[in-house]
Amino acid sequence: MMAEEEIRCLREFVYELNLQPSRHLLRNEIVLRFNQFLDKRNAGNRDPDDLSELKDFFFKTQEMLLLEEDVVLLHRNQAAEYRFYMIHNVEDRVDELTAEEFLDYREVVADRAHVPPEKKLLINFQPFYSVGPEVPGPQKIGSGLRYLNSYMAGKLREEPEDWQSFLCEFLKIHSINNDQILVDGEIIEDSSALVEALQKAIASLEQLDEDAPIHEARATLNSLGIREGFGNTVGRTLTNLQLLSNLFESPSADYLDEFLAAVPLITRVAVISPHGWFGQDHVLGRPDTGGQVVYILDQVKALEAHLKNSLADAGISIPPKIVVVSRLIPDNEGTTSNQRLEKINGTDHCWILRVPFKDENLNTVPQWLSRFQVWPFLEQFALDAKNELLTEFGGKPDMIIGNYSDGNLVASLLAPWLQVVQCNIAHALEKPKYLFSALYWKDMEKDFNFSLQFTADLISMNKADVIISSTAQEIAGTETTMGQYESYCLFSMPELYKVTDGVNLLHPKFNVVSPGVDESIYFPYTDTSRRLKNQTEELNQRLFFNKGEDIFGELADPDKIPIFSIARLDKIKNLTGLVESFGQSKELQERTNLIIVTHTVREEKVTDADEMSELKKMYQLIEDYELQDKIRWVENSSRQDGAESYRIIADRRGVFVQPALFEAFGLTVLEGMASGLPVFATQFGGPQEIIEDGKNGYLINPTQPELISQPILDFLLRCEKNPSCWETLGGQAIIRVKERFSWSLYSEKLIKAAKLYGFWNHSVLGDEKKEVDRYCNLLFHMVFKNRARQLLGD
């Protein structure tokens, strides 16, 4: 592994570390201390040793455990590829450890090793991923759809007898409202009969005008066993039948991709989002109610539009239907959360269906619950949701989309019950938000119930057919940092279990499908013809001049450049960090005002402890830094007003700041950019893949006040010298969003993935999934439900 000199240097470094009190070092501190060590070692005009490989080694070392006599390292060569080393202080020896041994030593260092290793439950999913493809390496993680498509086309080519049969049977099982589509199983018995029918159908259609409606050939096609769903015109039907024929005769990935995109396999979609106040009005900014609600409502509208067009092209006259399942809350606090059904605005057949939580006596739970408290109610919620969905759809859905940890767990229960494709969207995994949250889970359990959430995540990740992430780093991190999903590969929860292979990141279920923004709401400030003059004038007064109980602060000079931010009052969103950075920068205060929009500015409207803590901290910071005449803190009124607020800030040549300590994706970043604002966003998380730093926005480190304020100040100083800097950055931001973040592209890719993974499950590869499901069911019934019962008991 290492040369003799490198081992000697490593032992010197380890010896020096053991003279210090730290017991558990992380990557940044390891690299810092190693560089300091090298500086000291090479002082006195000594020639520096060539230790470039050792430097690289420490650059990729994620953790260092300092034991009494030895040191243990976690070395991450690349995403999900780890090696574990023990360095002996008194011997010239470096030993390699197993993942289990590393986790045991980590518990020792954290003083959590209260159970002998032999008595711990070990969870390892790797044996269940022995069948089927993997993406070729960490750089391709998130491109699963592409590689699964190629793999299955290859199977059709290499094992035609079996896989042609799978394809034929897969096409025969589809119906809409109990009417058979695509292939009539009573006429076409097997794949050879299908090939013969295709040849006859193609020959017949070639004699007709390609622009003729398909009903002119319907009788002939029906007699051959070719049903509706291949096209609405003769030409489109002919193209799709030829694609299917090519899949039997000379299969390729392109043919499979085009064919699945064309056929109507998805018409009914269930979207699961239990927690929070899911609604369309007067809910954003409430606890646990923010970006996920916006995401789902935009997603549903885009999916319906895509499905309407694709079904029409396929010759299907029945409209698609999408149902969002959330929680019914009798104590609704002025929202619509107590209504069972609510039509989604701007759609034809999309609904919010609310199902109540029930306690162990099946009594409805009336009050709102934090997302960290919902776990004991989810199994019954899933059972009730299943029956409600069957009623609303008049049958089962074609796919189920889970959202966040609770929705994904419910989806993982519903999907096998209904035998449909399951798609997961995490939005934000809690585990990587809190340092060593698994290791110290017992210390956090009272507030967060992480034992339940992390177990639910493991179950739903492994049961899912498709996992959608907004960015690649959400799955696999960067060269130096672990991804959110990657954090589930290796961890232990002392006295509960340890995980050595929690999820396979190379599995093709992982797909990056970035969302967009609703272009009917979020558009450039220069598009004045679409802006409502009265709304603009009223909001301008509200943001800068009006007084009221829902507004705090009175600006001494409203004409200063505005720094704008909109978010929930949440510790991770770090709005108080932005206020502190503004308070510490006299230069920013001379040039700018700070405009903050949140759900509330009033204590009496707060129901969440974290929100209350942040609200009080905000007021204290404003007082400490005497910002009362330099800040406007305004309650959010509606999504449409929020969108116009971005444009009003742009009218005044302001900037938008997203200062979160971590952001899974960053919808507000897209909203600000789409409006034409220069955007400054956290470098931790999804904004890394939205913003090209310095070209169409700026990435900032939000961990220190000056690291937030200085980049903003530098930009404003450049704009003073060259005013075109502002227009250039804002213009590039608009272009970036239009080119890369579109809901139409999102919908196309998501539906295509559902179709492909449905075919996969119908093949022999479905046996692998059944084995994984059984293992997950054991975890659900033996671990999760046991912990949930304890939570109810508490």
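I looked up F564 first: its bridge partner in strand 23 is F656. Strand 20 (residues 561–566) and strand 23 (residues 655–658) run parallel, joined by 2 bridges; for pairing, DSSP must find at least two bridges between two strands. Strands (E, at least two residues) and helices (H or I, at least four) are DSSP runs numbered from the N terminus.

Ground rules for my notes: this is a predicted model, with pLDDT of at least 70 needed for local features and 80 or more for side-chain atom pairs, while totals for chains, interfaces and linings use all residues. Residues count from 1 along each chain as its sequence is written, and side-chain values use heavy atoms, without hydrogens and water.

Next, the whole sheet: I get an open one of 7 strands, order 19-22-21-20-23-24-25, mixed pairing. Strand 19 (551–552) and strand 25 (698–700) each have a single partner strand, so one side of each lacks a neighbour in the sheet. Helix 20 (residues 609–624) packs on the sheet and touches strand 19, strand 21 (592–598) and strand 22 (631–635); contact means heavy atoms within 4.5 Å.

Then I turned to cavities (on a 1 Å grid over the protein atoms alone, sets of points where a 1.4 Å probe fits but cannot get out; lining residues have an atom within 4 Å of a point). I find 4 of 30 Å³ or more.

Conventions:
Axes are lines fitted to C-alpha atoms, for helices over the stretch in contact, and angles run from 0 to 180 degrees between N-to-C directions. On a 1 Å grid over the protein atoms alone, a cavity is a set of points where a 1.4 Å probe fits but cannot get out, and a pocket is an open set with protein on both sides within 12 Å along at least five of seven lines; lining residues have an atom within 4 Å of a point. Grid points are joined across faces, edges and corners, and a volume is the space filled by probe spheres set on the points.
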